[in-house]
Amino acid sequence: MSTITEKKYKLPVLAERAELVKVQVRRGLGLVGPLLRVIEGKGWIAGGFARWCCSPNENPAPAADLDVFFGDEEGYLAVIEALGFMGAHATRTVPYLTQMNVERAFPGVGLPEIQLIRPIVNSERHWGPSKDDVVRQIDITVCRIALDGVGCATATADQRFLADESERKVCFVRINDPVSVIRHAFKYAAKGYRIQDRESMKLLNSWSLLEREREPVGEPPCESHDSRHGASDESRTSSGY
């Protein structure tokens, strides 16, 4: 049996123990209720869809998909099996997530495609193991939120969630991979969110630290960063929250 190790991040974590608060779910409970019952005790809806459910704005930016995070591998695999038995089918499977169309599993509900985020990849923990841990690992404040589950009209969120969401602004809290965070920032900029100059500086500073950390002495300057380290769009892409 392989040993699960915690993922080691060398880049600075800007707010490792951010205070979490309870916020009200304002919309969407009827929409996600059937899915919440399937994942109960195994995972949590977090990120962009949870943001939409709890946004204080009258017309919040919609989420293109719905992310479910898990505390362990058993829960992840059990939910894939359960949804498949109900008629859902996988549209994309990669090491770090399974994307599923759930229209047949929940007919007439209108859920978007869901992304089941794998907590452990190659014996290394990437997410979890608790709901609070998942919220604290998300990079921007307006996505640092998770629904509390069946029978609860509340969610667990970063203490800055309501203020930043009401102002539609992007504030970075964790920057583990600048490339993924930049993509996430562009996604929210396209939704009409603002990125202040000081937040852009956080990204620039983290990118500079990453380059200094990874740059071997005497390496030819003409070789690209991605070709040196074997990175690809697939490996750089995290969840769609």
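What is the mean pLDDT of the protein, and what percentage of its residues reach 70 or more? After that, please turn to strand β6: how many of its five residues are buried, and which strands are joined to it by bridges?

Reply: The model is predicted; local features need pLDDT of at least 70, side-chain atom pairs count only at pLDDT 80 or more, and totals for chains, interfaces and linings use all residues. Residues are numbered from 1 along each chain as its sequence is written, and side-chain values use heavy atoms, with hydrogens and water left out.

The mean pLDDT (the predictor's confidence in each residue, from 0 to 100) is 83 for the protein, and 78% of its residues reach 70 or more. A contact means heavy atoms within 4.5 Å.

The protein has nine helices and 13 strands. Of the 241 residues, 48% count as buried. Buried means under 20% relative accessible area, exposed over 50%, and partly exposed in between, with a 1.4 Å probe and protein chains only.

Strand β6 covers residues 97-101, and four of these five residues are buried, so the strand is largely enclosed by the rest of the structure. Strand β5 (residues 89-94) runs antiparallel to β6, and five bridges join the two. A hairpin leads from β5 to β6 through two residues, and His 89 stands opposite Asn 101 of β6. Strand β7 (residues 114-117) also pairs with β6 in the antiparallel sense, over four bridges; here Met 100 stands opposite Ile 114. Strands count as paired if DSSP finds at least two bridges between them.

From β7 the picture extends to helix α1 (residues 29-39), as β7 is among the elements that cover the buried residues of this helix. Others include α2 (48-54), α3 (73-86) and β10 (145-147). The buried residues of α1 are Val 32, Gly 33, Leu 35, Leu 36, Val 38 and Ile 39. After α1 comes Gly 41, with a positive phi near 80 degrees.

Buried residues in α6 include Pro 178, Val 181, His 184 and Tyr 188. Just after α6, Gly 192 has a positive phi of about 100 degrees.

Between β9 (124-125) and α4 (131-137) lies Pro 129, joined to Gly 128 by a cis peptide bond with omega of about 15 degrees. Between α5 (161-166) and β12 (169-170) lies Arg 168, a residue other than glycine whose phi is positive, near 50 degrees. Arg 168 is partly exposed because its relative accessible area is 23%.

As for cysteines, the structure holds zero disulfides, a disulfide being a pair of cysteine sulfur atoms within 2.5 Å. Cys 143 counts as buried because its relative accessibility is 0%, and Cys 171 counts as buried at 10%.
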